[in-house]
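Open the structure in your viewer and keep the selection tool ready. The tour goes from one selection to the next.

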Amino acid sequence: MEKTISMKDYGQVITQLINKENLSKDDSKEMFMEILSDKQTAMQQGAFLAALSAKGATPEEVAGSFEAIYEVDTFKVEPVTEFPIVDNCGTGMDSFKTFNISTAASIIAAAAGIPMAKHGSRALTSVCGTIDVLEALGIDMDSSVELVKESIEKAGIGIFNGMSPEVHPVALGRVLSQISFGSVLNISASLANPALPQYGVRGVYSKEMLAFVPQIMAEIGYKRAIVVYGEVGEQSIDEASTIGTTYIAELKEDGTVENYSFNPQDMLITPGIVDEIRTFESVEASALCIVRLLNGQETKTREDIVALNAGLILYLRDKAPSIREGYEMALELIHNGAAWEKLKTWVKYQNRDRLKGLSTLYDLEAKAMI
């Protein structure tokens with residue numbers, strides 16, 4: 001029989017969090033089950049998420065949240081690919097808003113033969129999220145998980161819309177669309193990928209998160225992962241930075257975590273221009289940037305930061321022996337046309353109306369090249 005938590009008991013747990021007392025994984029899972037099933041009032045749900053965020057979520061609390069989402073609110077698929085699938089995304093909520101770096105990086109990685117199973121959302125605190133920009137490029141964001149699975153298998157890349165009932169049918173889209181502050185859901189929801197990859201690059205918005213996100217990823221089945229936090233002046237980005245220092249926590253196959261950092265100069269990259277990595281003012285402008293970038297027609301600053309973040313994926317999957325060499329390989333994939341061809345293939349396969357999708361992409365290409 002399903003347990004029911006009274007409003008009073010739920011409130012007592014919120015008080016516990018306000019008093020800086022941690023929850024067990026099971027208790028956290030139970031509290032999130034109440035949110036997903038909408039059994040508590042909106043005020044109670046918001047108060048719980050805010051109190052947990054203010055206290056600082058522990059690995060056990062994040063794992064409990066993930067288990068709730070994955071068990072009751074995630075359609076699951078198992079793509080059949082020659083090599084293990086990989087996911088890359090950021091948690092969002094970083095203080096400096098960039099253009100869609102990880103989106104472009106994933107296309108380049110797929111062009112290198114790495115099967116990419118992305119899982120993203122629409123913008124919550126910025127103008128253009130990964131779902132928004134990919135939709136503008138012609139990819140079907142109302143796809144069923146089976147169509148995404150087919151795209152991963154045939155195009156080598158696909159994306160699950162984390163705010164779609166086709167992917168998370170119970171409540172995740174409702175919850176995410178109603179909050180605009182960093183919470184445990186930024187981590188656990190991003191990890192609730194229907195294909196459950198075992199390899200991934202995860203950008204985080206706080207340096208403190210480097211201490212526990214790798215352990216969370218290991219606990220839910222990741223074999224190897226790179227967790228990344230970048231600096232732009234005194235602000236943060238959930239990407240590797242070509243402006244300031246990048247901090248990495250790398251989960252190894254043996255379960256250990258290696259921590260290191262680097263500056264652009266360490267990668268033999270000329271530090272970029274800050275204003276050129278900022279987000280654009282519209283979704284269309286963001287999409288045009290990706291079209292230009294994959295055609296080798298963007299600024300050096302934008303090209304470098306995307307290539308560096310693609311290099312993380314290439315290094316993670318042993319396509320390159322180092323991040324620096326992964327960066328160089330990514331630049332080659334841009335300039336030899338492979339990355340642009342991969343985007344066209346993706347639009348072709350993750351689309352219920354392929355002609356409409358490709359027409360959208362070619363219209364953008366014409367605008368971008370004027």
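A residue counts as buried at under 20% relative accessible area, exposed at over 50% and partly exposed in between (1.4 Å probe, protein chains only). This is a predicted model, in which local features need pLDDT of at least 70 and side-chain atom pairs pLDDT 80 or more, while totals for chains, interfaces and linings use all residues. Residues are numbered from 1 along each chain as its sequence is written, and side-chain values use heavy atoms, without hydrogens and water.

Select strand β7, residues 246-251. Strands here are DSSP runs of E with at least two residues, and helices are runs of H or I with at least four, numbered from the N terminus. Five of the six residues of β7 are buried, so the strand is largely enclosed by the rest of the structure.

Y247 stands opposite S261 of β8. Five residues lie between the strands of this hairpin, and G255 takes a positive phi near 90°.

Now select helix α2, residues 25-36, and helix α4, residues 59-72. Their axes (lines fitted to C-alpha atoms over the stretch in contact, with angles from 0 to 180 degrees between N-to-C directions) are 7 Å apart, at an angle of about 45°.

How values were computed
Pairing = 2+ DSSP bridges.
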